[in-house]
Amino acid sequence: MRPSRRAVITTATAAAVSATSTAAAAQRRGRLRTGFERLAQDGYALLDGRKVGIVTNPTGVTRDARHIVDVMHADARVDLTAVFGPEHGFRGTAQAGGSEGRYDDPATGLPVYDTYLKSGRPLADVFTASGVDTVVFDIQDVGARFYTYIWTLYDCMEAAGLAGKRFVVLDRPNPVTGRAALGPVLHKEFATFVGRQPISQAHGMTVAELARLFNEEFLTEPVPLETVTMSGWRRSEFYDASGLPWVPPSPNMPTPETALVYSGTCLFEGTNLSEGRGTTRPFELLGAEGVDRRWAAAANELALPGVRFREAYFAPTFSKFQGRTVGGVQLHVHDRAAFDPVRTGIALLVTAKRVWSGFAWRPDHWIDKLTGSTRVRTMIDAGAGPDEVVAGWQEELAGFRGMRRKYLLYR
């Protein structure tokens with residue numbers, strides 16, 4: 001049977017729209033330039049005559065997936081003399097809560113210094129011992145307050161100031177967009193390495209924007225700071241529009257889709273449920289022994305925007321419930337623009353507690369460190385629903401959004 005003329009026209013129109021969208025996406029991918037790309041295109045003029053040390057990890061790569069340390073080391077225009085490794089290490093050999101220590105990089109011979117869990121004067125002493133006069137930062141962030149690389153940035157800025165060093169931040173995209181700040185704002189008495197200062201749970205900023213905010217709002221003594229911005233990045237764009245290779249910033253952040261849900265589902269680190277570590281879908285799979293189909297059903301009844309939940313069973317290879325089959329949910333985000341990861345994380349906590357009698361917070365109340373106060377835990381324990389919990393932080397979030405606005409660099 002031949003298709004009708006209307007069907008043919010419709011098909012042709014759809015194909016044309018698809019081709020136009022693909023071409024537009026390709027044009028956007030060719031447009032974006034990272035801070036490092038712009039620095040290199042300018043012949044490293046900003047680093048001319050400087051002894052340079054760089055804070056980076058495996059995400060510090062070029063568009064063709066070469067590490068920027070290898071590129072800079074091979075370029076006579078840059079006097080790169082040291083590398084500083086964060087959590088998981090410069091080359092990324094350590095798991096969560098670990099680092100690589102002090103060693104000489106086999107590929108370049110450069111000394112690698114460990115910054116993990118160092119701050120203040122001890123970290124300033126590391127910068128001094130390295131002999132550098134300029135500290136450069138280039139690490140891919142994922143947009144959540146409790147992802148530690150932004151606090152490595154903060155600590156290194158503070159220490160560079162104490163050591164009398166110049167500080168340069170090379171910008172990269174926020175992979176989950178820079179559209180909005182979401183979630184509760186940290187209360188200072190809950191400050192830890194998963195949140196040094198009062199910013200929102202999903203900050204909606206790039207590292208260069210955060211550096212400017214840190215320098216003006218939180219550092220007692222601002223550091224001499226320079227930022228190399230991206231060109232061609234729009235706040236509404238997700239990572240796949242960048243054309244850049246995705247390098248897992250840490251072992252349990254395998255894809256941009258992980259980053260999309262992380263600022264909400266990482267809250268399950270503060271419970272006795274698995275947050276999916278030890279699976280191929282960390283932070284997208286959540287569960288525990290004794291959890292069944294009722295959790296997915298309860299979560300779907302809320303009709304949360306942009307996401308659906310599937311009953312799921314999995315056996316983590318490490319971390320909670322290692323080698324044991326657990327039941328739970330898998331998140332399926334079908335509309336990234338509508339999806340609110342923080343509200344979704346709260347809704348999942350509320351429904352898990354309602355349908356599973358075994359639900360418990362970690363005894364150390366780690367959830368309070370992740371959310372930034374006791375509010376989320378105590379409200380859920382008191383029977384509050386997701387909307388009531390979310391309403392509880394709106395005033396402080398509005399204050400942070402007002403502060404944040406001054407430091408945004410992109411439209």
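A: A residue is called buried when its relative accessible area is under 20%, exposed when it is over 50%, and partly exposed in between, computed with a 1.4 Å probe on protein chains only. Helices (H or I, at least four residues) and strands (E, at least two) are DSSP runs numbered from the N terminus. By these terms strand E1 is mostly covered, with 5 of its 6 residues buried.

The model is predicted: local features need pLDDT of at least 70, side-chain atom pairs count only at pLDDT 80 or more, and totals for chains, interfaces and linings use all residues. Residues are numbered from 1 along each chain as its sequence is written, and side-chain values use heavy atoms, with hydrogens and water left out.

The open sheet holds 7 strands in the order E3-E4-E2-E1-E5-E6-E9, with mixed pairing; two strands pair if DSSP finds at least two bridges between them. Strand E3 (103-104) and strand E9 (225-228) stand at the edges with a single partner strand each, so one side of each has no neighbour in the sheet.

Strand E1 (residues 51-56) runs parallel to strand E5 (residues 134-138), and 5 bridges join the two. Within this pair, Ile-54 stands opposite Val-136 of E5. E1 also pairs with E2 in the parallel sense, again over 5 bridges, and here Gly-53 faces Ala-82 of E2.

Axes are lines fitted to C-alpha atoms, for helices over the stretch in contact, and angles run from 0 to 180 degrees between N-to-C directions. Helix H4 (residues 120-130) touches strand E2 (79-85), strand E4 (111-114) and E5, and its direction makes about 155° with that of E2. Helix H5 (residues 149-162) lies across E1, E5, strand E6 (166-170) and E9, at about 155° to E6.

As for pockets, on a 1 Å grid over the protein atoms alone, a pocket is an open set of points where a 1.4 Å probe fits, with protein on both sides within 12 Å along at least five of seven lines; lining residues have an atom within 4 Å of a point. Of its 25 lining residues, the closest to the centre are Glu-87, Ala-96, Tyr-262, Glu-269 and Arg-277. The second largest pocket has a volume of about 250 Å³.

Note on methods: Contact means heavy atoms within 4.5 Å. Grid points are joined across faces, edges and corners, and a volume is the space filled by probe spheres set on the points.
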